[in-house]
Amino acid sequence: TYTTDTKSREENKTTIESLYSLSVDIKKIRRLKEWVLLQDVAYVKEIASILQEMGADETAVASILERCPEAILHTPAEINSQRALWQLVCQNEKQLIKLIEQFPESFFTTEYHENQKANILFFQELGIKNNIITRFLTSAPNIFYNPVEKNKNVIETLQRSYLSLGGSDANMKIWILKLLSQNPFILLNTSTAIQENLEFLQKNDFTDHEVLQLLSKLKGFIFQLTSTTMQKSMLFSKNVFKCSDQELKQLVLKCPALLYYSVPILEERLEGLLKEGISIAQIRETPMVLELTTQIVQYRIKKLSALGYDIKNGSLESLNGTKKDFEVNYGKIQSKKERPVFNPVAPIRIED
């Protein structure tokens with residue numbers, strides 16, 4: 001634990017000089033994390049030397065220390081242990097230093113070293129590929145801070161749930177690995193929360209097969225919700241679309257965003273669509289349009305309108321999908337508009 005009492009302390013001159021010699025922007029550190037410069041002990045040269053050993057050039061070292069100055073407060077022994085740990089999943093030091101450059105904070109969090117190690121070994125045993133584990137380390141480092149027993153517990157709950165919902169033993173491993181690679185943050189939930197959310201869906205008459213379908217479509221994000229928020233979102237959709245419970249269920253299966261997004265988000269997106277002259281009936285027909293932000297919808301409508309496509313009277317399908325999906329649809333509408341009705345160079349067919 002480092003002190004943050006900045007009033008009574010002075011900057012460590014040796015630290016400042018060492019950082020200057022490495023061309024580090026001291027002003028940047030003062031602005032963002034001045035407390036680092038006040039510590040009595042720092043290992044500037046040692047940490048820089050370890051980074052250089054791994055292949056970092058002068059610019060890279062300066063950039064890493066500017067973005068994560070607390071790196072210099074770790075002992076060389078701690079950093080070398082972390083280096084050995086990350087090498088368990090990195091192809092080589094070239095890949096490792098590239099990751100440190102991009103995600104210095106993740107690498108220099110050494111407080112949970114033992115948990116990190118146990119979790120890396122557990123993920124490897126599960127069959128998760130090393131390139132996926134490195135992605136976890138950089139984008140979801142928190143899951144490694146958990147004791148390994150906690151992560152094992154969550155995985156076991158998911159496995160039991162999958163089997164109880166009718167999933168097969170043969171497919172279970174693939175399902176778990178896919179779910180984790182799509183959303184590692186599942187591991188930050190408790191086993192109880194996972195169980196409660198599944199029970200909520202079952203109480204709302206979703207069959208076991210449909211619950212599995214939703215889990216796959218929502219990439220496990222459903223476990224980050226609560227039964228209260230899901231209930232509110234479903235009630236909101238039911239009132240907006242004036243539909244029965246059974247019809248609502250079909251809408252949710254068609255567009256899981258109706259379950260995932262909170263009421264304020266759904267309200268804002270709905271209002272944005274209505275302002276564009278789109279009817280509730282059209283939205284009910286193509287609810288997936290609610291997965292898009294208002295800005296994306298406005299941009300796409302504008303592009304289609306420029307081609308003379310009237311969204312108010314047409315299908316909302318042309319608005320849907322990823323950026324790539326939209327570009328493909330847009331291209332089709334564009335070429336259809338530009339294609340001549342009569343092709344003067346086409347051969348004339350004359351019957352004998």
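Predicted model: local features only at pLDDT ≥ 70, side-chain atom pairs only at ≥ 80, totals over all residues.

Trainee: Why are H14 and H15 called roughly perpendicular?

Mentor: The label covers angles of 65 to 115 degrees. The angle here is about 110°, so H14 and H15 are roughly perpendicular to each other. The crossing of H14 past H15 is right-handed.

Trainee: Which residues make the contact?

Mentor: H14 supplies Met234, Ser237, Lys238 and Phe241. H15 supplies Asp245, Leu248 and Leu251. By class, the contact has four nonpolar, one polar and two charged residues.

Trainee: What makes Lys242 count as exposed?

Mentor: Exposed means over 50% relative accessible area. Lys242 has 69% relative accessibility, so it counts as exposed. Lys242 sits in the loop between H14 and H15. Its phi is near 45°, a positive value in a residue other than glycine. Most residues other than glycine have a negative phi.

Trainee: Why is Ser23 called partly exposed?

Mentor: Ser23 has a relative accessible area of 44%, so the label is partly exposed. Ser23 is in the loop between helix H1 (13-21) and helix H2 (26-33). Phi of Ser23 is positive too, near 65°.

Trainee: How do you know whether Thr286 is buried or exposed?

Mentor: Buried means under 20%. Thr286 has a relative accessible area of 4%, so Thr286 is buried. Thr286 lies in the loop between helix H18 (280-285) and helix H19 (294-306). Leaving aside neighbours within four places in sequence, Thr286 contacts Leu316, Glu317 and Asn320.

Methods
Residues numbered from 1 in each chain as written. Heavy atoms only, no water. Axes fitted to C-alpha atoms, helices over the stretch in contact; angles between N-to-C directions. Helix = DSSP H or I, 4+ residues; strand = E, 2+ residues; numbered from the N terminus. Parallel < 35°, antiparallel > 145°, perpendicular 65-115°, else oblique. Left-handed = near helix turned anticlockwise from the far one by under 90°. Contact = heavy atoms within 4.5 Å. Nonpolar A, V, L, I, M, F, W, Y, C, P; charged D, E, K, R; others polar. Buried < 20%, exposed > 50% of the residue type's maximum accessible area, 1.4 Å probe, protein only.
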